[in-house]
Amino acid sequence: MKVVFNRNYRGGGTHSLTPARLAFTLAEVLITLGIIGVVAAITMPVLTSKIRNHELEVRFKRANTIVSQAIKLMENDIDGASINEVYCNSNADMKNFIEDLSKYFPGSYVDKESNHASDLGYKNSYWLTPNGKAGSPSYDDFGGMRTNELIIYSSGCANFAQRKMGFVVDSNGLAKPNRMGYDAFVYIINDNNSLNTVHGYFNYPEDNAKKNCDFSAESTSLGSSCINFALKDVFPNDDTKSYWKSLP
């Protein structure tokens with residue numbers, strides 16, 4: 001900083017120093033801007049990630065509530081019968097599931113013949129895996145629907161022997177990231193019509209559940225059990241951390 005003083009001499013030999021100009025030099029301005037830039041480069045990605053993860057958490061919790069209520073209404077409309085008993089008898093029945101579920105989402109768009117996520121407006125054909133790699137066609141074979149907030153795709157029944165209906169909910173709709181474990185989660189319906197979220201679609205043991213919600217770069221996980229960890233808010237790669245605060 002450069003300061004210039006005026007000397008005003010007065011009687012008696014006394015004088016005062018009065019600042020005439022106060023300004024930063026160009027070098028000082030450039031150094032300050034450089035420091036601000038470095039701090040912003042360090043903090044902005046962290047802040048952006050926190051905001052994104054919080055928004056994903058809020059949307060997930062809302063979607064989970066909405067879907068749970070819709071399944072309960074469906075159960076009431078079939079007089080308490082098992083949803084799996086009704087919809088796990090044939091491919092046609094499995095496609096009817098998504099159409100019947102859409103009744104509890106007024107104004108939704110339904111395509112019961114769809115077997116690609118892109119049919120409902122996704123840029124990609126399938127959801128990305130937890131580590132961001134190309135997704136799998138395993139979850140969207142029996143039709144889907146789009147609401148103002150959500151995308152829901154029927155995965156059909158795990159197999160006819162298990163007779164358990166599965167489906168994927170994208171809590172972020174068409175908006176990105178369209179990624180398993182972030183905004184896309186797999187549900188399965190139990191025989192008592194409760195939603196099985198304990199270890200995901202295939203009811204894996206705990207160790208396998210962690211493997212199937214693995215965010216590491218080398219993982220081949222499809223994210224089928226991520227909903228378990230999202231609901232408990234426990235990160236599968238480190239159970240001492242919060243799920244939502246630790247998403248990469």
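Helices (H or I, at least four residues) and strands (E, at least two) are DSSP runs, numbered from the N terminus. On this basis the protein has 6 helices and 8 strands. Their pattern along the sequence is β-β-α-α-α-β-β-β-β-β-β-α-α-α. The model is predicted: local features need pLDDT of at least 70, side-chain atom pairs count only at pLDDT 80 or more, and totals for chains, interfaces and linings use all residues. Residues are numbered from 1 along each chain as its sequence is written, and side-chain values use heavy atoms, with hydrogens and water left out.

The protein has 248 residues, and 40% of them count as buried. Buried means under 20% relative accessible area, exposed means over 50%, and partly exposed lies in between (1.4 Å probe, protein chains only). The accessible surface comes to about 13,200 Å². Carbon and sulfur atoms hold 56% of that surface. Areas come from the Shrake-Rupley method with a 1.4 Å probe; for residues, only the protein chains shown count as cover. Contact means heavy atoms within 4.5 Å. Among contacts with a separation of 6 or more, 53% link residues 24 or more positions apart.

An open sheet of 6 strands runs in the order E3-E4-E5-E6-E7-E8, with antiparallel pairing. Strands E3 (109-111) and E8 (195-196) stand at the edges; each has a single partner strand, so one side of each is left without a neighbour in the sheet. Two strands pair if DSSP finds at least two bridges between them. Strand E4 (residues 144-146) is joined to strand E5 (residues 151-157) by 3 bridges. In that pair, Met 145 has Ile 152 of E5 as its bridge partner. E5 and E6 pair over 6 bridges. Here Tyr 153 stands opposite Val 168 in E6. E6 is joined to E7 by 5 bridges. Phe 167 has Tyr 187 of E7 as its bridge partner.

Strand E6 is largely enclosed by the rest of the structure, because 6 of its 6 residues are buried. In a regular strand the side chains alternate between the two faces of the sheet. Both faces of E6 are covered. Met 165, Phe 167 and Val 169 are buried on one side, and Gly 166, Val 168 and Asp 170 on the other.

Asp 170 is found in strand E6. Asp 170 is buried yet has no salt bridge. A salt bridge is a side-chain nitrogen of Lys or Arg within 4 Å of a carboxyl oxygen of Asp or Glu. The nearest side chain of opposite charge, Arg 59, is 8.1 Å away. Lys and Arg count as positive and Asp and Glu as negative; His and the chain ends are not counted. The Asp 170 side chain does make a polar contact with the side chain of Asn 178, at 3.2 Å. A polar contact is a pair of N or O atoms within 3.5 Å; within protein, one must be able to donate a hydrogen and the other to accept it, and residues adjacent in sequence count only if both atoms are side-chain atoms. Not counting residues up to four places away in sequence, Asp 170 touches residues including Tyr 122, Trp 127, Glu 149 and Asp 183.

Two loop residues are also buried. Met 180 lies between strand E6 (165-170) and strand E7 (184-189). Its relative accessible area is 1%. Met 180 and Pro 130 are 50 residues apart in sequence, yet 5.1 Å apart in space, C-alpha to C-alpha. Asn 193 lies in the loop between E7 and E8. Asn 193 counts as buried at 7% relative accessibility. The Asn 193 side chain reaches the backbone oxygen of Ala 81 at 2.9 Å. Beyond its neighbours within four places in sequence, Asn 193 is in contact with residues including Ile 71, Glu 75 and Ser 82.
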